[in-house]
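Student: I have just opened this one and would like to get my bearings. Could you walk me through it slowly?

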Amino acid sequence: MPTETFEFQVEARQLLQLMIHSVYSNKDVFLRELVSNASDALDKLRLAALRDEAPDADVSDLHIELEIDKDARTLTVRDNGVGMSYDEVGRLIGTIANSGTAEFLRELREAQDGGGAEGLIGQFGVGFYSGFMVADEVTLLTRRAGEPKGTRWSSRGEGTYTLEAVDDAPQGTSVVLHLKPADPENQLHDYASEWTVREIVKRYSDFITWPIRLVGGSGDDGEAAEPETLNSMKALWARSREEVSEEEYHELYKHIGHDWREPLETIQLRAEGTFEYQALLFVPSHAPHDLFRRDSGHGLQLYVKRVFIMDDCEALLPPYLRFVKGVVDAQDLSLNVSREILQQDRHIRMMQRRLTKKVLSSVKDMMADDTGRYATFWREFGAVLKEGLVTDPDNREALLAVTSFATTHGDGGTATLRQYVERMPEGQDAVWYITGESRESVGDSPHMEAFRERGIEVLLLTDPVDEVWVDAVSEYEGRPLRSIAKGEVDLGAREDDRGNEEREKQAEEYAGLLGWMRERLAEDVKEVRLSTRLTVSPACLVADANDLTPALESMYRAMGQEVPATRRILELNADHALVKGLNKAYGEREDRSDLTDTAELLYALAVLAEGGRPKDPARLVRLMADRLERTL
């Protein structure tokens, strides 16, 4: 058959320009696409041979070859796979060179806008034409396995392409790229360089099933070297755990996690059925320095049929598991034409749910089987895991099961909510906690005094996220979670407690002072009352049950959100000598102006006791200096 010349349609020319200049943000991926096409061709031939559909095909040494000619500046990607017939070349590569191109172009634009375009990844012509990003001319030579004649296709990516039948084509397909000059400023690398080709294959195609051989390379002496296999072909996630050593897993983790330490946990998952994928995940032994930075890259590596698609694929795990490293290899995904923007489809959501449950289940097993490793995990990643209590209500129960907290019980260890509930004495109906900046500051808080005296366990929550999740999680197994620094506290009666009659008498005795102090401190507090939680300190500040804590107010302001300042409640310890003296002075004096300074000092002491900052530090210093001077 003579050589036939065809013109690109107007839409096809537009599409080709879009492919070259817009779709791919990284020109290196052209080689990934061509190697992926070659791998698919080898897969198809192997399947055909197993079904006896290609009796004359040679399947003795299926492989991919890369050949570089530095002088001619060509790069050839060759496979001995299933190949294509003359009609298939016109149909498959003609995906973007036929009258239906306008429809395809519309689909491509929708895919770029994140709209879908299901199945575009499987159309040969799309990835094939990415070669024009780096080549002035592309020539394809192919012969379908078992057929006598081959086909040559050629184009400069401008107005026309040619097709001709040939007699001497080997089985499979070869794509010859006549490379453009290197242009580093436009991210156009020298693809006639062995080093560049090796690096691209290692990054994108290292786990391809078939050997990728570099032929025609040069040795150290400048002579032609023997063919060299560039890819490892070791997709550890596709092999059973018994076939892989711990050392191999650790080496893979160090490679993808950029970490010199061994992982804390290795998690393997294989999903079969209508949607198949494998995952190999690693929990690091140390938190990265940028764990809480918004712009830090995180996520899993995504492969499709062992072809590298994306680094840091955030869609596969929720943000609170961003410390997990690993690989997910799917057999079929909805991707856009460039394989760079993952579509948010049901497959992705399904994988995220399954992977999330698998990670949380592994952490739960670690907690039960190896408390030492769990302690390391919680120390490094507990603060970020607790973010899920706010953002992932579907997995909240699973998260609470693997969450532990510092506690006042015992010698300063940690406890789960389950352990706390099991230790609750009869009559206690709430899980008590306190939030603050550090274990030391909350441990010495005045709010702790009555709980410490009665031996009631309190959870010590000192991570910033604790201020948020305790509002999202209102109860655990029917028992409310309550802050010891909010609302009124009723710890029940004890033998040495005052009766209700004596309490009423005390409240009546202090009613005048409490009302007077409320008037004097009206800018700062909304109520002054006697306390049931203080045993040593003279005063403390508490919030209403639904008020924001000062720390949460500060967090909102740091994020640029304006929140009104919350006036809190000042509680006084009626058994403290200072409060008794103040009440006595209030009752004996007609002129109480001198007592205003004492009331301000009492309020300032309560602010300082919880680690706060007085509204007017200079005035506080003057008042303290004046009081000290009077004692001399």
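Student: Among contacts between residues at least 6 apart in sequence, what percentage join residues at least 24 apart?

Tutor: Keeping in mind that this is a predicted model, 70% of those contacts in the chain join residues at least 24 apart in sequence.

Student: And how many helices and strands are there?

Tutor: The secondary structure comes to 20 helices and 23 strands, and of the 632 residues of the chain, 50% count as buried.

Student: Let's go inside then. Which residues touch the most other members in the largest nonpolar core?

Tutor: That core has 137 residues, and the ones touching the most other members are Leu 31, Leu 66, Trp 153, Leu 177, Phe 323, Phe 377 and Leu 385. Its largest share, 10 residues, is supplied by helix H2, which spans residues 29-50.

Student: What does Leu 31 touch?

Tutor: Setting aside residues up to four places away in sequence, Leu 31 touches Leu 66, Leu 75, Val 77, Val 197, Ile 200 and Val 201.

Student: How do H2 and H6 pack?

Tutor: Helix H6 covers residues 194-204, and H2 packs with H6 at an angle of about 65 degrees, with their axes 10 Å apart; the crossing is right-handed. On the H2 side Val 29, Leu 31 and Arg 32 take part, and they meet Val 197, Ile 200, Val 201 and Tyr 204 in H6. The residues of this contact divide into six nonpolar, no polar and one charged.

Student: Changing topic, where is Ala 539, and is Ala 539 buried or exposed?

Tutor: Ala 539 lies in strand S22, residues 539-542, and counts as buried because its relative accessible area is 3%, where the cut-off for buried is under 20%. Leaving out residues up to four places away in sequence, Ala 539 touches several residues, including Pro 446, Leu 570, Leu 572 and Ala 606. Ala 539 is also among the 24 residues of another core, which lies apart from the largest one.

Student: Last one, where is Ser 85 found, and why does Ser 85 count as buried?

Tutor: Ser 85 is found in the loop between strand S3 (74-79) and helix H3 (86-92), and Ser 85 counts as buried because its relative accessible area is 14%. Apart from neighbours within four places in sequence, Ser 85 is in contact with Arg 144, Glu 147 and Thr 151.

Conventions. Residues are numbered from 1 along each chain as its sequence is written. This is a predicted model: local features need pLDDT of at least 70, side-chain atom pairs count only at pLDDT 80 or more; totals for chains, interfaces and linings use all residues. Side-chain values use heavy atoms; hydrogens and water are left out. A nonpolar core is a set of buried Ala, Val, Leu, Ile, Met, Phe, Trp, Tyr and Cys residues joined through side-chain atoms within 4.5 Å. Buried means under 20% relative accessible area, exposed over 50%, partly exposed in between (1.4 Å probe, protein chains only). Helices (H or I, at least four residues) and strands (E, at least two) are DSSP runs, numbered from the N terminus. Contact means heavy atoms within 4.5 Å. Axes are lines fitted to C-alpha atoms, for helices over the stretch in contact, and angles run from 0 to 180 degrees between N-to-C directions. A crossing is left-handed if the near helix is turned anticlockwise from the far one by less than a right angle, and right-handed if clockwise. Ala, Val, Leu, Ile, Met, Phe, Trp, Tyr, Cys and Pro count as nonpolar, Asp, Glu, Lys and Arg as charged, and the others, Gly among them, as polar.
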